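Please read the following points beside the sequence and the coordinates.

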Amino acid sequence: MWMKYGVLVEVEPAGVIRVTQPIFSRSSDSYFLPPPTTLVGALAYGYLRSKHILMDVVYKDGNPYSPAILILDRVLYACAGAEPVYTYVRQQERVSTIIYQREVRRRVLAKISLGEQLSKREENELENALRLAFDVVTRGTSLFDRLYLFYVLADKELVRGLYGIIRIGMKEGLVAVNRVEVFDNIGALATDKRVSINTIFYAPRNIVVGALNGIKVSMPIIHEHNFGKFEVPVQEDFYVPAPYSISQMIVDLRANGVALYLKDLDTHIVLPKEYAMP
């Protein structure tokens, strides 16, 4: 049986953090807090490069996947939290629309890049593609003073890899790791008391009852499908601490959930009992 390491990582964002919700195209909301899949990706990015694994895509059974699947079996659980008050805003941006345009126009642009001759009809498509090459869209963004990440890992080498986290979400979401705290025996910190658990971390809906100062959000979970090129993600409902709230989220635990108390932050991490037990 693998040993389980609970690890708390405190990061300081250099700017905004954005994780665009799947299925949407140009204008889209961002998750309030980075979902579990993003946290796996943040760990994998630095860790794999430290091992000189630099590819952007890996293939399994002929399907393309993120390289993050190479560590997926060793990341048992992940969640994120932010101290009150964090901010969520929507802002307008000017973005390229080429990838969203009709396939015929993308083929014309490909022919141009190869130096091939265009027909009259293709010249018209090229004119339209260039005319519509940019658009103004609305996108969500979160801003934090500090962001806290919690992992349950089955490999001590991955614990060291957490120091290599440099970005979260989109490439512009640069962060600096301020602190990494390892709990070798997370079961010793766990409590299964049922009421009034205060937390700054999101919690799976299936292990808590209701949430004061929380918002129900569907987020992609740690599942191999979510790291491949598939249209519909595998998601579950979470209660996420609400932005702009001056108080922590309050939840009641179900029998299948436990809470780990963090004294220095005066908060709890809520997670499924199976990940806290030896």
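1. Helix α1 comprises the 15 residues 36-50, which at 1.5 Å a residue should span 21 Å, and its end C-alpha atoms are 22 Å apart, which agrees. The expected span is taken as 1.5 Å times one less than the number of residues, and helices (H or I, at least four residues) and strands (E, at least two) are DSSP runs, numbered from the N terminus. This is a predicted model, in which local features need pLDDT of at least 70 and side-chain atom pairs count only at pLDDT 80 or more, whereas totals for chains, interfaces and linings use all residues. Residues are numbered from 1 along each chain as its sequence is written, and side-chain values use heavy atoms, with hydrogens and water left out.

2. Helix α1 bends by about 25° at A44, where the bend at a residue is the angle between axes fitted to the seven residues ending there and the seven starting there. After α1 comes H52, whose phi is positive, near 60°.

3. Of the 15 residues of α1, 11 are buried, so that the helix is mostly covered, with buried meaning under 20% relative accessible area, exposed over 50% and partly exposed in between (1.4 Å probe, protein chains only). Among the buried residues of α1 are P36, L39, V40, L43, A44 and Y47. The elements that cover them include β4 (75-81), β7 (147-153), α4 (156-161), β13 and β14, contact being defined by heavy atoms within 4.5 Å.

4. In one of them, Y65 and F230 have ring centres 6.1 Å apart and planes at 65°, so the pair is edge-to-face. This pair links distant parts of the chain, 165 residues apart, with Y65 in strand β3 (residues 63-65) and F230 in the loop between β13 (214-220) and β14 (235-241). Y65 is buried at a relative accessible area of 8%, whereas F230, at 38%, is partly exposed.

5. The rings of Y202 and F238 likewise form an edge-to-face pair, because their centres are 5.4 Å apart and their planes stand at 80°. Here too distant parts of the chain are linked, since Y202 lies in the loop between β10 (197-199) and β11 (203-204) and F238 in strand β14, 36 residues apart. Y202 is buried at 0% relative accessibility, and F238 is buried at 3%.

6. Strand β14 also belongs to an open sheet of 3 strands in the order β11-β14-β13, with antiparallel pairing. The edge strands are β11 and β13, each of which pairs on one side only. Strands pair if DSSP finds at least two bridges between them, and β13 and β14 are joined in the antiparallel sense over 7 bridges, with P220 opposite Q235 in β14.

7. In strand β16 (residues 257-262), 5 of the 6 residues are buried, so the strand is largely enclosed by the rest of the structure. It pairs in the antiparallel sense with β9 (residues 190-191) over 2 bridges, and A190 stands opposite L260 in β16. A further 6 bridges join β16 to the antiparallel strand β17 (residues 267-272), where A259 stands opposite V270. Strands β16 and β17 form a hairpin with 4 residues between them, and D266 in the turn has a positive phi of about 50°.

8. Several loop residues deserve a look at their backbone. A cis peptide bond, with omega about 5°, joins P84 and V85, and V85 lies in the loop between β4 and β5 (87-96). D61, in the loop between β2 (58-60) and β3, has a positive phi near 55° and is exposed at 73% relative accessibility. Y244, in the loop between β14 and β15 (249-253), has a positive phi near 70° and is partly exposed at 48%.

Methods. Rings of Phe, Tyr and Trp (its six-membered ring) pair if their centres lie within 6.5 Å; planes under 30 degrees apart count as stacked, over 60 as edge-to-face and the rest as tilted.
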